[in-house]
Amino acid sequence: MPVVLYRSAELLAIDKPSGISLLADRSGAPCLWDELREYLKGDGLEPLSVHRIDKGTSGVLLVALTRAAQSRLTQAFAHRDVRKFYVARIVGDPRLGGRTGMIDLPLAKGRKSRYRVAGPRERIARERNRWYLASRPDGYPSVSRLRCISAERGHALVALQPITGRTHQLRVHLAWVGHPICGDRLYGRPDDPAQRWPRLALHCHRIVVDGLTITAPLPRDELVPVVGKPRARGGKPERRDARTARQREQRSARDETADPRA
């Protein structure tokens, strides 16, 4: 049963869990699309795709319920009229000084369904809070905005906004500027202790489309670890100071993803 964030006659928004593929793959494992078909079958509806989220990524997923809505939303994504905001836990601290950073690095197809920056890694330059290629770039223009929410113990929690919508854009951009997303086995270094994480630490926190703002809560313990020890089932309640600190960090993440352009 999907976690429904919003539903109308034309649109369904769910909170996609991490670790499940949107569509069937060669592994034969259950996919989210089969679950959506079963969920909508009783209403005589069929889920219609308008965008995708990686298997490891969680958060807001939009599903059209009519052909007209599918056409309208597909065009909105293609014309960049849909604003998407993510939260990720990354390795290291990008040291943005409280300001918004910009990764302006074109992408190109790599090997084995991977993507890469369309230029040599050693030509990536940073000027203040902007990363770019010092040589004339090729490839597909790709721009991501980011802002640091918090940083501690070798990790940073960041708010992200992909201005363009390239495949794996946020994952490639962050990896190539030296701050891979925790748990990213495709673009990071899975044998690096600093990057180990139970899941891909990337969450689509908010989507703004057609005048609607749809938000998926940050996954507790998976992306934003609880401050102090987690509450055991049947045990003592979480300490007030730990609960307050956790709630403050989650509120900060919501505020940052409202619009990280300031």
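**Close-up views of a predicted model**

**View 1. The largest pocket.** About 1400 Å³ of space lies in the largest pocket. It is lined by 40 residues, and those closest to its centre are Arg52, Ile53, Asp54, Thr167 and His168. On a 1 Å grid over the protein atoms alone, a pocket is an open set of points where a 1.4 Å probe fits, with protein on both sides within 12 Å along at least five of seven lines; lining residues have an atom within 4 Å of a point. Grid points are joined across faces, edges and corners, and a volume is the space filled by probe spheres set on the points. The model is predicted: local features need pLDDT of at least 70 and side-chain atom pairs count only at pLDDT 80 or more, while totals for chains, interfaces and linings use all residues. Residues are numbered from 1 along each chain as its sequence is written, and side-chain values use heavy atoms, with hydrogens and water left out.

**View 2. What lines the largest pocket.** At least two lining residues come from each of α2 (67–78), β5 (83–91) and α3 (169–176). Helices (H or I, at least four residues) and strands (E, at least two) are DSSP runs, numbered from the N terminus. The element that gives the most to this lining is α3, with three residues. By class, the lining holds 16 nonpolar, 11 polar and 13 charged residues. Here Ala, Val, Leu, Ile, Met, Phe, Trp, Tyr, Cys and Pro count as nonpolar, Asp, Glu, Lys and Arg as charged, and the others, Gly among them, as polar.

**View 3. The second largest pocket.** The space in the second largest pocket is about 480 Å³. Its lining has 17 residues, and Arg114, Arg121, Trp176, Leu186 and Tyr187 lie nearest the centre. Two or more lining residues come from β8 (115–117), and two or more from α3. Six residues of this lining are nonpolar, four are polar and seven are charged.

**View 4. Helix α3.** After the helix comes Gly178, whose phi is positive, near 90°.

**View 5. Ser142 and its surroundings.** Ser142 is in the loop between β10 (130–133) and β11 (143–152). Ser142 counts as buried because its relative accessibility is 0%. Its side chain reaches the backbone oxygen of Tyr140 at 2.9 Å. This is a polar contact, a pair of N or O atoms within 3.5 Å; within protein, one must be able to donate a hydrogen and the other to accept it, and residues adjacent in sequence count only if both atoms are side-chain atoms. Not counting residues up to four places away in sequence, Ser142 touches Ile103, Asp104, Leu105, Pro106, Leu107, Thr164, Arg166, Gln169 and His173, where contact means heavy atoms within 4.5 Å.

**View 6. The largest nonpolar core.** This core has 65 residues, and Leu62, Leu160, Ile181 and Leu202 have the most contacts inside it. A nonpolar core is a set of buried Ala, Val, Leu, Ile, Met, Phe, Trp, Tyr and Cys residues joined through side-chain atoms within 4.5 Å. Apart from neighbours within four places in sequence, Leu160 is in contact with Lys84, Phe85, Tyr86, Ala88, Arg145, Leu146, Leu170, Leu174 and Leu202.

**View 7. His205 in a strand.** His205 is found in strand β13. With a relative accessible area of 1%, His205 is buried. The side chain of His205 reaches the backbone oxygen of Ala216 at 2.8 Å.

**View 8. Two loop residues with positive phi.** Most residues other than glycine have a negative phi. Ser113 has a positive phi, near 65°, and lies in the loop between β7 (107–109) and β8. Ser113 counts as exposed because its relative accessibility is 65%. Asp210 also has a positive phi, near 50°, and is found in the loop between β13 (202–209) and β14 (212–215).

View 9. Pro17 lies in the loop between β2 (11–16) and α1 (32–41), and at 42% relative accessibility it counts as partly exposed. From C-alpha to C-alpha, Pro17 and Gly59 are 6.8 Å apart, though 42 residues separate them in sequence. Beyond residues up to four places away in sequence, Pro17 touches Lys55, Thr57 and Ser58.

Note on methods:
Buried means under 20% relative accessible area, exposed over 50%, partly exposed in between (1.4 Å probe, protein chains only).
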